[in-house]
Amino acid sequence: MATSIVPYRMQPVGRERHMFATSDDNAMLRQVQATHAPDGREFNVKPLLYIIEDIFQRAAPSFPGFIQETQAQLDVLDDKAFQSGFFDMLDLLSSTINRISCEISCKCSGGGDAHATTLGIFNIVTSYSWDAKVVLALAAFALNYGEFWVVAQLFPVNPLAKSVALLKQLPEILERADTMKPRFETLSNLITAMLDLTKCIVEVKELPSDYITPDTPEMAAVTAHIPTAVYWIIRSIVACAGQILGLIGMGHEYIISTTETWELSSLAHKINSIYNHLLQQLKLCHQLIEEKRQIESYQALVRLMETIHIDNMKVLNRLLIHTKDDQLPLVECPTKRKVSIDVLRRKSVLLLVSDLDVSNEELFLLEQMYRESRQLSSRTESQYEVVWLPIVDRSTPWTEAKEHKFEALQYMMPWFSVHHPSAIDPAVIRYAKEKWDFRKKPILVVLDPQGRVVNQNALHMMWIWGSVAFPFSVAREEALWKEETWRIDLLADSVDPVIPTWIMEQKHICLYGGEDLEWVRKFTALMGAVARAAGIALEMLYVGKSNPKEKARRIISTISVEKLSHTLPDPTLIWFFWVRLESMWHSKMKFGTKVQQDPIMQEIVTMLSFDGSDQGWAVISRGPHMAKAKDETILKCLTEYTTWEPNVPEKSFVVAMNDYLNENRTPYHCNRLILPGEAGRIPEKVVCAECGRRMEEFIMYRCCTD
């Protein structure tokens with residue numbers, strides 16, 4: 001009968017419920033700290049750790065139910081491990097690894113105290129850093145563990161391995177594979193837990209000192225637990241080695257001990273508990289590092305945007321390319337073809353910044369203007385490109401529905417786009433919000449050919465003047481306002497192509513709105529009758545209300561059927577009429593224009609107050625003159641046409657009407673103005689366009705489903 005080797009017995013660990021709080025752990029920690037005397041030598045433990053992991057994965061038992069790594073996965077480890085200088089490092093460390101291996105073999109073969117054996121290993125690695133200690137100990141165990149399984153795996157096919165296996169009595173053990181499976185599963189689980197915790201310790205060591213220092217609270221919290229973590233890994237190595245060595249030479253005498261399996265499971269539980277705790281602390285460190293990196297990246301972006309450049313490439317590279325490897329960051333939306341950023345070199349670039357909730361109306365009209373500017377490529381106003389920067393909320397998960405929505409929007413665009421929202425640097429997102437005031441509504445940021453921001457939002461001037469506003473700079477916007485007066489051309493000529501024809505034919509033009517169908521019928525009948533009586537050529541156009549819903553569509557249908565007046569052929573054009581007025585408000589506010597000091601602003605406010613009312617309204621224009629009124633006021637004016645009719649030949653129809661309205665203005669009125677909201681653009685004081693008094697301020701939240 002073979003002589004039995006006494007199997008190594010562990011000290012039970014089940015009662016050690018708390019990771020770092022027990023008196024035993026505190027005493028243990030003092031003993032471990034006493035062995036720690038690093039001499040400053042440092043080496044990269046990663047290549048060695050790759051080899052250790054490779055050994056454990058290749059040595060995994062081949063019993064049914066064990067999952068083996070594929071050859072392709074394991075070959076990756078070879079590439080990572082055999083780096084320049086690896087073998088030189090191994091020459092320096094091999095003596096230490098062999099000493100630890102001998103310590104484990106000697107102490108664990110004859111039984112003994114696990115804690116004493118663990119401290120013995122600590123004394124061998126006294127001069128190394130904590131991460132090096134644990135990796136060296138793991139390497140020594142991997143050496144023993146790997147040798148055991150090389151023989152176990154090769155003895156059926158290799159004569160040398162068979163002879164060695166016979167001396168170790170491995171065949172008899174492996175013949176009882178089914179009964180041994182729980183033992184090896186528990187052992188593998190503990191090894192996996194040790195590897196995970198070791199990687200966590202190594203990751204702590206590799207945290208960049210430029211962003212986190214040892215005295216940082218987050219770093220101090222994680223490093224305080226490293227010695228304890230290293231102790232329990234080495235203690236577990238001792239336990240695992242005892243189990244492997246206990247198998248050798250036991251033959252038929254080997255008895256499966258559920259107590260030993262339970263002890264390995266307890267160690268695995270403790271290791272996993274330490275790992276989960278360290279992982280949470282490590283996440284806090286990474287979070288702090290990422291915050292500092294983002295601050296650094298943002299500050300670098302701010303400096304870049306303030307610097308003068310010879311062209312726009314540096315700015316666009318920083319805004320549009322998140323990583324250096326992304327050499328084709330743009331997508332040509334219609335074809336989905338990836339293109340280089342060079343297509344934008346020395347051109348004016350309009351960055352369309354938005355989330356995924358861009359309205360179809362906005363996209364449709366912007367697309368129309370873009371395509372019109374491209375019809376004659378030689379024209380100056382066509383020398384610009386548009387790039388979509390989709391900014392999404394990264395605090396919520398990216399879903400398949402969002403992906404489909406993004407792709408659908410991209411498909412609708414005729415210009416360029418960043419290939420995916422995830423490609424946009426968080427620093428760029430912060431810059432858009434803090435420097436360009438991007439909130440929710442789309443903005444159109446203009447970069448000139450040198451990469452300078454010449455307009456933080458040209459969308460408003462684009463709505464007002466279209467491509468005529470090129471190069472879309474603030475200076476151009478201001479110059480266009482200086483040329484403008486309040487007339488029907490500014491108010492509506494780009495809304496319907498027939499309006500410029502009416503203006504050229506010197507017709508009287510009446511724009512009217514509201515959602516009261518009976519008022520519409522009464523007004524159009526009276527207006528038509530008065531026009532016939534006055535002998536004037538009149539065209540009436542219904543422009544409804546902003547955000548036209550189903551009710552407005554029904555009114556448009558009735559007007560068309562009953563031939564009450566002209567209507568806009570598409571509800572999108574009604575939306576455009578009102579969004580242009582809102583854009584005029586925003587554009588004027590950009591230059592600090594006050595309502596009481598600017599005639600155009602007064603007219604804009606009046607029109608917006610019409611939309612804010614539930615009543616009907618009308619504007620009548622010819623040439624430079626306009627008359628306007630709401631609801632019963634305009635109806636009364638038309639009913640009493642004979643009162644002011646004598647003034648028409650001398651003053652003109654519109655002037656005579658306007659004089660009558662001014663002379664009969666009631667002191668009692670209630671004007672409601674709903675201003676288009678935009679961060680930082682709402683003035684503290686707004687005066688009534690009708691009487692000049694300061695308007696009361698209220699906050700309104702609206703959800704209109706019609």
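## Close-up views of a predicted model

**View 1. Phe141 is buried in the structure, with a relative accessible area of 1%.** The model shown in this and every later view is predicted. Phe141 belongs to helix α6. Its relative accessible area of 1% falls under the 20% limit, so Phe141 counts as buried. A residue from another part of the sequence, Ile52, is shown with it: the two C-alpha atoms are 9.0 Å apart in space, although 89 residues separate Phe141 from Ile52 in sequence.

**View 2. Val150, Leu154 and Val157 make a nonpolar surface patch.** The area of this patch is about 270 Å². One of its members, Val150, is part of helix α6, which spans residues 130-154. Val150 has a relative accessible area of 47% and is therefore partly exposed.

**View 3. Seven strands are arranged in an open sheet.** The strand order is β2-β1-β5-β4-β3-β6-β7, and the pairing is mixed. In general, the strands of a sheet pair through backbone hydrogen bonds, in either a parallel or an antiparallel manner. Strands β4 (residues 384-390) and β5 (residues 416-418) run parallel and are joined by two bridges. Here Val387 has Phe416 of β5 as its bridge partner.

**View 4. Strand β3 is largely enclosed by the rest of the structure.** This description holds because seven of the seven residues of β3 are buried. Ser348, Leu350, Leu352 and Ser354 point one way from the strand, while Val349, Leu351 and Val353 point the other way. The pairing of β3 with β4 is parallel and comprises seven bridges. In this pairing, Leu352 is found opposite Trp388 of β4. With β6, strand β3 pairs in the antiparallel sense over five bridges. Opposite Val353 stands Ile443, a residue of β6.

**View 5. Asp355, Asp357, Lys405 and Lys440 are linked in a network of salt bridges.** The structure as a whole holds 28 salt bridges. In one of those shown here, Lys440 is joined to Asp355, with 2.8 Å between the closest N and O atoms. This pair links distant parts of the chain, 85 residues apart: Lys440 is in the loop between α16 (426-434) and β6, and Asp355 is in the loop between β3 (348-354) and α14 (360-374). The side chain of Lys440 also meets that of Asp357 in a salt bridge, at 2.8 Å from N to O. Because Lys440 lies in the loop between α16 and β6 and Asp357 in the loop between β3 and α14, this second pair ties together parts that are 83 residues apart in sequence. Asp355 is buried, at 12% relative accessibility, whereas Asp357 is partly exposed, with a relative accessible area of 45%. Lys440 is likewise partly exposed, at 48%.

**View 6. Arg452 forms a salt bridge with Asp448.** The closest N and O atoms of the pair are 2.7 Å apart. Arg452 is located in the loop between β6 (443-447) and β7. Its relative accessible area is 44%, so Arg452 is partly exposed. Asp448, by contrast, is buried, with a relative accessible area of 8%. Asn312 is shown as well: its C-alpha atom is 7.7 Å from that of Arg452, although the two residues are 140 residues apart in sequence.

**View 7. Buried residues line one face of helix α28.** The helix spans residues 653-663, and its buried residues are Phe653, Val654, Ala656, Met657, Tyr660 and Leu661. When the helix is seen down its axis, these residues fall within an arc of 165 degrees, so they line one face.

How values were computed:
Residues numbered from 1 in each chain as written. Predicted model: local features only at pLDDT ≥ 70, side-chain atom pairs only at ≥ 80, totals over all residues. Heavy atoms only, no water. Buried < 20%, exposed > 50% of the residue type's maximum accessible area, 1.4 Å probe, protein only. Helix = DSSP H or I, 4+ residues; strand = E, 2+ residues; numbered from the N terminus. Arc of directions from axis to C-beta. Pairing = 2+ DSSP bridges. Patch = residues over 30% accessible without salt bridge, like charges linked within 9 Å, V, L, I, M, F, W, Y side chains within 5 Å. Areas by Shrake-Rupley, 256 points an atom, 1.4 Å probe, with all protein chains shown as cover. Salt bridge = Lys/Arg side-chain N within 4 Å of Asp/Glu carboxyl O.
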